[in-house]
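Subject: Handover of a structure, with notes

Dear colleague,

I am passing a structure on to you, and it is shown just below. Please look through it first, and then read the notes that follow.

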There are 2 protein chains.
Amino acid sequence: MKTGSSFLTHVRLNDSFWNPIRETVRQTGIPYQWKALNDQLPDTEPSGCMRNFRIAAGREQGAHAGCVFQDSDIGKWLEGAAYTLRWHPDPALEEIMDGAIEEIVAAQQPDGYLDTYYIINGLDRRWTNLKDHHELYCAGHLLEGAVAYYEATGKRRLLDAMIRFVDHIDSVLGPEEGKLHGYPGHPEIELALMRLYRVTGDPKHLRLASYFIDQRGRQPLFFREEEIRHGVADIDRKSLFRYRYYQAGKPVREQEDAEGHAVRALYLYAGMADVARETGDESLFRACRRLWESAVRRRMYITGGVGSSEYGESFTFDYDLPNDTVYAETCASIALVFFARRMLEMDPRGEYADVMERCLYNGILSGMQLDGTRFFYVNPLEVLPEACEMDERKRHVRPERQGWFACACCPPNLNRLVASLEDYMISLRGQEVFIHLFLGGEAEFETESAAAPEAPKTTVQLQIRSDYPRDGKIVLTLRLPEPARFCLRPRIPGWCASFAVRINGQAVSAGPEEGYLRLDREWRDGDTVELNLDMPVRLVQASPRIPEDAGKVAVARGPLVYCLEEADNGKRLHLLRIGKTAAADFAAAWKPDKLKGITELTCPGIRESEEGWEDTLYSASLPIRETETRLTFIPYYAWANRGLGEMRVWVRR
Amino acid sequence: MKTGSSFLTHVRLNDSFWNPIRETVRQTGIPYQWKALNDQLPDTEPSGCMRNFRIAAGREQGAHAGCVFQDSDIGKWLEGAAYTLRWHPDPALEEIMDGAIEEIVAAQQPDGYLDTYYIINGLDRRWTNLKDHHELYCAGHLLEGAVAYYEATGKRRLLDAMIRFVDHIDSVLGPEEGKLHGYPGHPEIELALMRLYRVTGDPKHLRLASYFIDQRGRQPLFFREEEIRHGVADIDRKSLFRYRYYQAGKPVREQEDAEGHAVRALYLYAGMADVARETGDESLFRACRRLWESAVRRRMYITGGVGSSEYGESFTFDYDLPNDTVYAETCASIALVFFARRMLEMDPRGEYADVMERCLYNGILSGMQLDGTRFFYVNPLEVLPEACEMDERKRHVRPERQGWFACACCPPNLNRLVASLEDYMISLRGQEVFIHLFLGGEAEFETESAAAPEAPKTTVQLQIRSDYPRDGKIVLTLRLPEPARFCLRPRIPGWCASFAVRINGQAVSAGPEEGYLRLDREWRDGDTVELNLDMPVRLVQASPRIPEDAGKVAVARGPLVYCLEEADNGKRLHLLRIGKTAAADFAAAWKPDKLKGITELTCPGIRESEEGWEDTLYSASLPIRETETRLTFIPYYAWANRGLGEMRVWVRR
């Protein structure tokens with residue numbers, strides 16, 4: 001299908017599952033986090049974020065507060081808030097945002113520089129520690145916020161300021177003699193520059209993103225040279241990861257495995273995918289593909305969590321996926337979605353959307369309390385609250401969500417993803433209309449005829465109705481003024497073993513190709529496609545290579561991974577076994593009042609008893625008695641909303 | 001049995017299992033470690049231990065080297081070497097020891113003080129940091145070395161010097177006004193003072209030991225006052241354990257759980273038991289008993305390892321016994337044996353000896369390579385070598401023994417225990433002769449008649465012959481000049497479910513009381529007792545309260561815990577299952593040439609296959625294929641003697 005092309009004009013989400021969550025983010029999360037950034041939350045540590053800008057602008061006195069990357073919080077907040085304006089115009093919010101933007105811009109230096117840490121602490125030291133001081137990272141987030149706000153409102157105030165900052169960055173960093181041959185310690189600006197490039201079309205923006213990616217990890221290593229300038233000993237000698245923590249151990253095209261700090265890695269890969277798509281760079285695409293496979297085929301939790309270790313918030317090694325000392329930072333799964341969407345744009349395969357969906361409905365959504373005011377940084381798959389207090393190896397795992405964090409990256413990252421979910425739903429490629437996520441709503445696109453490309457384009461409205469993930473029935477309705485030929489390509493999720501398709505009520509036989517159906521025909525106004533994805537309970541096994549999950553199963557239904565919680569099943573969840581219970585033995589029941597509405601799963605199970613073992617640690621003769629019991633599973637994302645208690649995803653057979 | 005008493009005059013070990021190990025310690029370990037203490041090992045970091053004494057004596061120039069507790073290494077080395085002199089007189093070794101003692105004594109200050117760290121770094125600062133600077137700990141070890149050397153040789157040079165040091169300590173610390181009301185951050189001197197007291201009978205020595213124990217944890221807390229004097233912030237604010245790390249959170253009699261640094265805790269409990277026995281202090285005994293139960297009934301590995309966490313080398317909480325991030329320091333199990341023996345002296349119950357035996361044959365012996373030159377500090381129950389490199393949570397777990405350590409506590413601790421094993425074998429109480437460990441050898445004791453206490457004592461020689469732990473037949477032969485009535489009390493180990501006793505070939509029906517048989521009769525010259533402990537393979541389950549061991553079994557035979565090793569079973573030991581194999585399905589075979597002679601166990605088992613899972617992490621439809629295989633188990637103590645590889649004690653069902 002070489003000729004013919006389609007353009008998405010808009011997508012509007014109206015989804016029974018995500019609408020309430022998006023409203024929580026809009027009505028609660030965004031105002032709550034605005035207060036946090038302005039030090040107005042009573043029981044949490046002050047952020048200092050907005051105050052830093054006022055101090056940098058000379059409007060207030062004081063020291064820089066918070067992390068060296070504190071500026072990024074307002075960038076992410078603006079971005080998330082901007083997305084809500086796309087689907088819920090809100091002049092009062094826009095006014096707050098304009099005010100925030102004025103405060104940010106007021107701190108900008110005459111040469112375009114804009115980073116409160118160095119403006120407050122001494123501009124003479126700027127650009128001296130790219131490895132650890134996050135100037136380019138903050139720039140990236142402010143840039144993403146600026147682009148999103150411009151796209152939502154047409155207002156250029158922050159965008160123009162950030163373009164000036166990018167010009168400044170371009171004058172300091174780059175391949176030319178006299179410039180620093182550096183790149184960010186924490187990738188992010190690469191993908192942000194590509195978003196800017198799509199708005200500006202300025203080749204300088206693409207060139208700078210490409211430079212940061214190509215220069216990374218090249219010898220002589222910029223980070224090492226920077227250390228030498230500071231008289232700092234070789235990081236190689238003390239770090240487990242060495243420069244791989246920064247994905248700078250070697251040039252990105254030579255990297256084989258997803259390594260080091262997981263968020264850094266995945267932001268980098270997302271930026272690499274952006275550049276590869278824009279430039280058609282095959283070797284860069286192949287690197288992306290290799291790193292994708294490393295991350296999701298050997299180093300990802302069933303929840304879509306990535307980064308197995310708190311040490312360096314990092315990837316570790318293949319199949320090392322401990323459930324209880326896990327890291328699986330919310331931001332890392334969000335970054336994996338960013339990466340997946342970009343891969344999907346180049347290479348439409350269901351596996352990318354499968355991972356997006358896995359992350360969204362599980363390891364990302366778990367990051368937020370149902371009321372939108374508390375957050376997980378770490379998303380464990382197994383929790384014993386006592387161990388989180390008493391075992392140093394698990395102290396980073398919190399058994400309850402927190403109000404705010406000193407490093408507050410996750411909450412605004414959640415906002416911006418949830419508030420822009422429609423961007424992940426559908427994409428067009430030639431005359432193929434890919435439906436990646438089954439979100440209720442509608443999309444509008446223009447399509448031209450492959451047979452008669454000179455003919456005027458047809459505007460097509462695609463309505464999607466579903467109760468997903470509560471059930472697997474998805475109804476697509478097409479509205480178009482005249483018949484048009486194009487190819488609808490709804491995804492068949494990797495989890496789905498059986499499905500049916502009807503077009504206008506007639507069963508159609510179709511099998512997925514690389515995860516997507518191919519429904520290619522001349523469509524007419526009012527045509528419907530009904531997709532029924534069978535959504536039985538599944539008992540999922542992990543690869544035998546993962547030691548931690550050996551002999552265990554996870555319960556899943558549709559895109560949702562389930563878990564046992566103490567609130568339903570009592571203490572000592574490790575004593576509960578599924579035994580020989582089959583997937584068919586589960587009962588699924590919709591509980592509208594439980595955890596804001598869930599499909600609860602129950603099944604017969606076994607509880608091992610501690611009886612008789614009170615004073616005995618080891619015995620060859622004491623029996624472990626078993627009693628029959630009923631196990632209750634809730635969706636993983638909803639855990640830890642009913643007070644402190646144990647939780648467990650992988651359940652013993 | 002109120003009247004009548006017996007006195008052990010000597011015990012000589014001649015045991016098929018331990019003799020070669022003791023010879024390894026004597027011929028290899030002791031000379032090797034002497035070189036280490038004198039910085040003569042080529043590939044290991046210099047210890048500086050003996051050099052510190054020469055510097056402190058003004059005989060060499062230089063700075064204090066190594067840890068603040070470096071002096072303790074020579075104390076432990078002297079103690080271990082002294083024990084070997086008891087069973088292998090060696091004038092050349094004695095000469096080396098005398099030379100070492102001269103170097104130590106030469107550093108002693110006129111007022112009796114003897115700690116090289118402060119002598120070199122400034123005497124004005126001595127006794128200012130009892131919490132962390134180990135002066136009393138080092139004194140304790142030098143004292144133990146002095147007592148052992150005196151007992152082995154009659155030479156008083158070091159003993160007298162140490163008595164002068166104790167006098168100095170007594171002048172500085174104590175309840176009197178003007179003295180520091182302190183106690184050691186690392187207990188050890190308590191039990192050492194009790195050993196000294198048994199030699200000197202000087203009540204001052206008992207009083208000082210009691211003071212350290214009674215003062216510990218009392219308010220106002222000495223360690224806090226010390227911190228205040230140093231302007232140090234409250235440790236409470238940063239430490240997970242707070243002062244409980246030092247067993248100083250509250251007075252020892254109020255402590256409920258074995259907490260904090262495991263070696264410190266168990267040295268303290270051993271000292272408490274010594275004082276309780278000597279003084280008949282019931283409340284102190286009850287505290288010992290409570291702490292014993294906490295340590296061994298809720299916080300001990302099947303190998304006798306204690307201390308679950310590297311953080312603080314510490315106990316954590318009940319039933320928290322992870323196999324892979326474990327600490328289980330060799331020294332902690334040794335300290336548990338010290339504590340057990342002291343409890344046994346007060347309260348002869350088989351459970352103490354069971355724990356001694358569990359530690360000795362498993363988690364202690366594993367600390368030493370079969371050739372005696374390399375050591376484990378941490379004794380894991382599950383090892384994946386890759387994880388020890390790549391997972392920060394497991395980097396303290398070494399998959400191979402090391403030549404030496406910056407903190408070299410474990411190797412000389414092993415020496416001194418192994419070289420004095422005969423002290424743990426047998427004890428007398430009234431006319432009861434308890435046989436705790438089945439070590440071949442002979443003991444001589446004098447017994448008096450209960451009926452005629454005025455009659456001359458009879459000298460009894462008890463010969464013990466056995467091939468334990470290779471098999472469970474133990475033959476006791478009595479040699480005595482005339483018939484004498486006393487009660488032989490051989491232990492029936494907790495692991496032993498079935499046994500037979502014959503006296504002079506005649507079956508006797510006897511059941512153990514608190515773990516010991518009661519064979520009370522008039523014995524004659526040449527009488528034999530043959531004990532046959534059935535020693536089948538056992539499949540041991542852990543308490544259902546231990547999450548890490550759920551669904552798994554450990555294989556044991558006699559006192560030995562077994563493990564799977566990669567060398568016998570290939571990689572990915574987590575894929576191996578015992579399945580429904582019963583203990584009776586195992587084959588046991590003596591392999592004289594394997595690992596210096598072991599009883600190897602094999603059984604039918606299952607290997608789960610990775611086939612088909614190459615590119616898949618999670619699946620509800622992919623089967624995990626199973627193939628039949630044969631599993632080979634070796635004694636745990638012998639693991640890691642055949643190169644780098646996986647190891648696992650707890651095997652899936």
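Helix axes are lines fitted to C-alpha atoms over the stretch in contact, and the angles between them run from 0 to 180 degrees between N-to-C directions. Helices (H or I, at least four residues) and strands (E, at least two) are DSSP runs, numbered from the N terminus.

This is a predicted model, in which local features need pLDDT of at least 70 and side-chain atom pairs count only at pLDDT 80 or more, while totals for chains, interfaces and linings use all residues. Residues are numbered from 1 along each chain as its sequence is written, chains are lettered from A and ligands numbered from 1 in the order in which they are written, and side-chain values use heavy atoms, with hydrogens and water left out.

As for confidence, the predictor assigns the complex an ipTM of 0.95 and a pTM of 0.94.

Chain A is divided into domain 1 (6–423), domain 2 (425–533) and domain 3 (537–652), with bounds that come from an automatic or database domain assignment. The C-alpha centres of domain 1 and domain 2 of chain A are 33 Å apart, and the contact between these two domains (heavy atoms within 4.5 Å) takes 29 residues from domain 1 and 31 residues from domain 2.

Turning to the helices of chain B, the axes of α2 (residues 49–56) and α4 (residues 91–106) come within 7 Å and cross at roughly 45°. The helices α2(B) and α4(B) are therefore oblique to each other; angles under 35 degrees count as roughly parallel, over 145 as roughly antiparallel, 65 to 115 as roughly perpendicular and the rest as oblique. Their crossing is left-handed, a term used if the near helix is turned anticlockwise from the far one by less than a right angle, whereas clockwise is right-handed. On the α2(B) side the contact is made by B:M50, B:F53 and B:R54, and on the α4(B) side by B:A100, B:E103 and B:I104. By class, this contact has four nonpolar, no polar and two charged residues, where Ala, Val, Leu, Ile, Met, Phe, Trp, Tyr, Cys and Pro count as nonpolar, Asp, Glu, Lys and Arg as charged, and the others, Gly among them, as polar.

Also in chain B, the axes of α3 (residues 71–87) and α16 (residues 410–418) come within 8 Å and cross at roughly 25°, which makes α3(B) roughly parallel to α16(B). This crossing is left-handed, and the residues in contact include B:W77 and B:Y83 of α3(B) and B:P412 and B:R416 of α16(B).

In chain A, the axes of α4 (residues 91–106) and α6 (residues 135–153) come within 13 Å and cross at roughly 140°, so α4(A) and α6(A) are oblique to each other.

Finally, some backbone details deserve a note, given that most residues other than glycine have a negative phi, and most peptide bonds are trans. A cis peptide bond, with omega about 0°, joins A:Y468 and A:P469, and A:P469 is placed in the loop between β6 (458–466) and β7 (473–479) of chain A. In chain B, a cis peptide bond joins B:Y468 and B:P469. A:Y319, although not a glycine, has a positive phi of about 65°, and this residue is found in the loop between α12 (282–298) and α13 (330–346) of chain A.
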